[in-house]
Amino acid sequence: MAATVPVLELAPPPAVEGHGVLGILLHNRKFLIGSTIFLVLLAVCLIGSQVTGPLPLRSGTFKPKLGIGGGGLTILGTTSLGQSVLAQLFQAIPYSMLVGVVAAAIGTTLGALVGLISGYFGGKTDAGLRILIDVFLSIPTLLFAILLASLLRGVTVPALAVVIGIFAFAWPARAVRAQVLSLKERPFVQVALLSGLSGWEIVWGELMPHLSPWLGANFVNAFIAAILAESGLAILGLGSQQQMTLGQMIYWALSYGALLQNMWWWWATPVLMLIVLFLSLYLVHVGLDEVSNPRLRGAQ
Amino acid sequence: MGGYGRHVVERLIIFVATVAISVTVVFFAPRLVPGDPLGALSLKLANVGGNLGGQALVDDYARRFGLDKPLPEQYVAYLRQLAQGDLGYSIAVFPTTVGDLIKSALPWTIGLLMITSVISWLIGSVIGGVVGWASGRVKALQGLVPIALLLYTIPYYILAIILVFLLAFLWPVFPISGAYSAGMHPSLTPEFAADVLQHAALPALSIILVSLGWWFLSMRSLIITGKGEDYITWAEAKGLPDRRIFWAYAFRNALLPQLTGLALSLGQIVGGALVMETIFGYPGVGYLIFSSIKTLDYPVIQGSILLIVISVATANLIIDLAYPLIDPRIRVGSSGRM
């Protein structure tokens, strides 16, 4: 499983040279525990949904309102419509993760780009982009996502993820900009400039390797925020009607009165899974943070 | 101080840009998405048994709402309307204006959010400070750190669901939803106030608990990093009592970055609280948006979003402008806050 860690993107900052990032990451207990939980969850759900097929998701497949502890697919109970809660989880967890990956990728890439351009090229471009960054930092961006999602009702999960991702650029942009401003003055950038490299070559070849560990940690952060945003939208009734996510599961459970009918298995399983997912991602984030910032290592 | 003047101008530009961008997004988003507002309106009316009338009448409406004009012209008209504080009419509850709907929802949201944010900020900062100060000495207090971490990773509405289940369903100490009991009339009596407080308890608790975790963690790390500073060592060397060093030196200095944190997280707090309101059926702006989404009441959605964005931007502006006045160490330079 460890081989899936994107080694190239996590090129080490000078301080950890000679150790190999992967080695350090795998020695970091938090990273290891977090990523293991995450990958096991994903694998179990993907295999599970392949095995069960779409039938247990259809209403009326099982007896409705079965409690927890039944046999086979009804082990986590059934919904008011007689769907298997377990089968819903198998679909919801990977889709929630998909939202995280897509939105975090878009947000981090967009943010890195804006931050790099703003920090490296400076001047009027910087002034304009800085205002844009500051504006989006202070706006409750969930509201814009609500507006767009309410207009594009019933979109697919990936489309929802794109909407969320676009509004997630401000934090990475702000941090990348600050980093670039300080890196720009370092001797190696001056040398690169003097040796005639173009602006983009410097940004890509000289600055990126120093920013990437940080971007990795931010990616995980954005991942968490995106899952959070999607489940928030879903609970407001703006989720995708076509695919299940953890937020969407909570939405259906709440709108069928699972809380008041004491069908706790229906709402508590997605809630619990969301918390487990957040904690695993949080551990990965802390682990990455410690690796990219050696000063944090062993601080706790 | 010339720096302050520049800071004011900078923050004002950002405030104006925030408002301009929000207004523009709110105006253009529905118009760029395929769909015809009057078609949606007549469908909506047909659903409730009414109708807009014949094509001639529809055209007349289009003219009245200015929908037959080119976009830039509509935009200017929209800005003019907004400048007069006019947010238009609700579609779902037609004769009511968007402004009136928001006016009845806003006090609930603002009251709940302001009080809970301040409470959790204060409690979280104090406990976090004490635990940070005692780190390395009192082991028992450090057990709070993982609890705070857990609270911090749980979103509001998740905690809200758990709280409703525990404290309104399993062990019904608090009402399950609403802001006051059905049949009660809002008035300035002690009974009504008690009823409102009882209804606000669970929503408030979920906001306080979740943000408490964050304020706790950030204050704790601020105090721990501050402990090695020269002024602390100097205060210790002077022989000041430990309690005084903590409150008058360490804690006081860490309060300012905490304030910045509050300003920066305001947007997130509001966003999360809106979703939470729908779980508690708390009749604030979040619930208004939720019910407008169900009825496709775009004017209300747009108006509420615009108003919240502008409120958050205003609160941010106030904190930004006050910050350098409170903290003279900050030489306001090119980087703004932090």
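Buried residues make up 51% of the 300 residues in chain A, where buried describes a residue with 20 or more other C-beta atoms, placed from the backbone, within 10 Å of its own. The structure is a predicted model, in which local features need pLDDT of at least 70, side-chain atom pairs count only at pLDDT 80 or more, and totals for chains, interfaces and linings use all residues. Residues are numbered from 1 along each chain as its sequence is written, and chains are lettered from A in the order in which they are written.

**Chain A**
- Chain A holds eleven helices and zero strands; these are DSSP runs, with helices (H or I) of at least four residues and strands (E) of at least two, numbered from the N terminus.
- The C-alpha trace of chain A spans about 75 × 45 × 30 Å along its principal axes.

**Contact between chains A and B**
- Chain A contributes 32 residues and chain B 39 residues to the contact, two residues being in contact if their C-beta atoms, placed from the backbone, lie within 7 Å.
- On the side of chain A that touches chain B, helices H4 (123–138), H5 (141–151), H9 (199–235) and H11 (264–292) of chain A each supply at least two residues.
- That side of chain A comprises 27 nonpolar, four polar and one charged residues; Ala, Val, Leu, Ile, Met, Phe, Trp, Tyr, Cys and Pro count as nonpolar, Asp, Glu, Lys and Arg as charged, and the others, Gly among them, as polar.

**Domains of chain B**
- Chain B is divided into domain 1 (1–92 + 297–338) and domain 2 (98–296), with bounds from an automatic or database domain assignment.
- In chain B, 27 residues of domain 1 are in contact with 18 residues of domain 2.
- Helix H12(B) gives the most to the side of domain 1 that touches domain 2, with 15 residues.

Definitions and conventions: Buried ≥ 20, exposed ≤ 12 C-beta atoms within 10 Å, placed from the backbone.
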